[in-house]
Amino acid sequence: VLLLDEPLSALDAQIRRSMLDELAKLHRDLPSLTVLYVTHDQTEALTLADHIGIMRDGKLVAFGNAQSLYRHPPNRFAAEFLGRANILPASSLQSTEAGFACVRFGDTLLRGLNHHALPDGCDSLVCIRPHDLRLQSSGAVGNTLTGIVRAVQWQGDLHSIALEVQEQTLRLTCNPLSDPPAPGTELVVHFDPADVTLVPENVSHG
């Protein structure tokens, strides 16, 4: 067993990336080696881990397969801690076809995966990752929201756009735009129901 506690925290960005590659290679080359890796860096955790445990106030609040935990977080804390997430309050959950449900966000109906088998009629949270929001419709039946652009940030390899949608903040990331929207303009975003996870609104952290 190899125990690592924040091993890359004091390194600059380029060396961190190189060491992350080396640690991933070490894990591949030594499949019988168990590595317990403690980090506050979500990118490190998602890059290296087969399974992730998330702790809050000294208690384990989520544990599972890394990809499953990222795609279907069991609570709001896990969703927001493990990568960026848009969290929207929703009500009146109604199950539809297998694995999916409809919820009401303000005056808009949204459809998403009911991965946690939440009961009909309950309140919940809509979790959608910024990179799963699109400016162009795929043509298939999906979710659509309209908001007002509040901020646009160019970050080199992507644009980050903050929208105000029914008094909630929604963040979108996309490839760099040649003509990004100006703050104050209206913008329509689309997202696939399969990219939405419905999360319990109230959950014990114990």
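Colleague: Are Glu44 and Arg16 buried or exposed?

Modeller: Both Glu44 and Arg16 are buried, where buried means under 20% relative accessible area, exposed over 50% and partly exposed in between, with a 1.4 Å probe and protein chains only. Please note that this is a predicted model, in which local features need pLDDT of at least 70 and side-chain atom pairs count only at pLDDT 80 or more, while totals for chains, interfaces and linings use all residues. Residues are numbered from 1 along each chain as its sequence is written, and side-chain values use heavy atoms, with hydrogens and water left out.

Colleague: What do the side chains of Glu44 and Arg16 form?

Modeller: They meet in a salt bridge, at 2.8 Å from N to O; the term requires a side-chain nitrogen of Lys or Arg within 4 Å of a carboxyl oxygen of Asp or Glu. Glu44 belongs to helix H2 (residues 42-48) and Arg16 to helix H1 (residues 13-29), so the pair ties together parts 28 residues apart in sequence. Helices (H or I, at least four residues) and strands (E, at least two) are DSSP runs, numbered from the N terminus.

Colleague: How many salt bridges does the structure hold?

Modeller: There are 6 salt bridges. One of them joins Arg111 and Glu97, at 2.4 Å from N to O. This pair links distant parts of the chain, with Arg111 in strand S7 (residues 108-113) and Glu97 in the loop between S5 and S6, 14 residues apart. Arg111 is partly exposed at 22% relative accessibility, and Glu97 is partly exposed at 41%.

Colleague: And which residue forms a salt bridge with Arg150?

Modeller: Glu164 does, with the closest N and O atoms 2.9 Å apart. Arg150 lies in strand S9 and Glu164 in strand S10, 14 residues apart. Arg150 has a relative accessible area of 47% and is partly exposed; Glu164, at 34%, is partly exposed as well. As for shared partners, salt bridges join Arg16, Asp41 and Glu44 into one network.

Colleague: Changing topic, which residues have the most contacts inside the largest nonpolar core?

Modeller: Val126, Leu145, Leu163, Leu170 and Leu198 do, in a core of 25 residues. Such a core is a set of buried Ala, Val, Leu, Ile, Met, Phe, Trp, Tyr and Cys residues joined through side-chain atoms within 4.5 Å. Strands that each supply at least two of its residues include S5 (86-95), S8 (124-128) and S9 (143-154). Apart from it lies another core, of 9 residues, among them Ala45, Ile52, Val61 and Leu69.

Colleague: What does Leu170 touch?

Modeller: Not counting residues up to four places away in sequence, its partners include Asn86, Leu88, Ile128, Leu133 and Val189, a contact being heavy atoms within 4.5 Å.

Colleague: Which backbone angle of Ser92 is a positive value?

Modeller: Phi of Ser92 is near 55°, a positive value in a residue other than glycine. Most residues other than glycine have a negative phi. Ser92 is in strand S5 and is partly exposed, at 41% relative accessible area. Glu167 also has a positive phi, near 70°. Glu167 lies in the loop between S10 and S11 and is exposed, with a relative accessible area of 72%.

Colleague: Finally, what does the secondary structure of the chain come to?

Modeller: The chain has 4 helices and 13 strands. Of its 206 residues, 36% count as buried.
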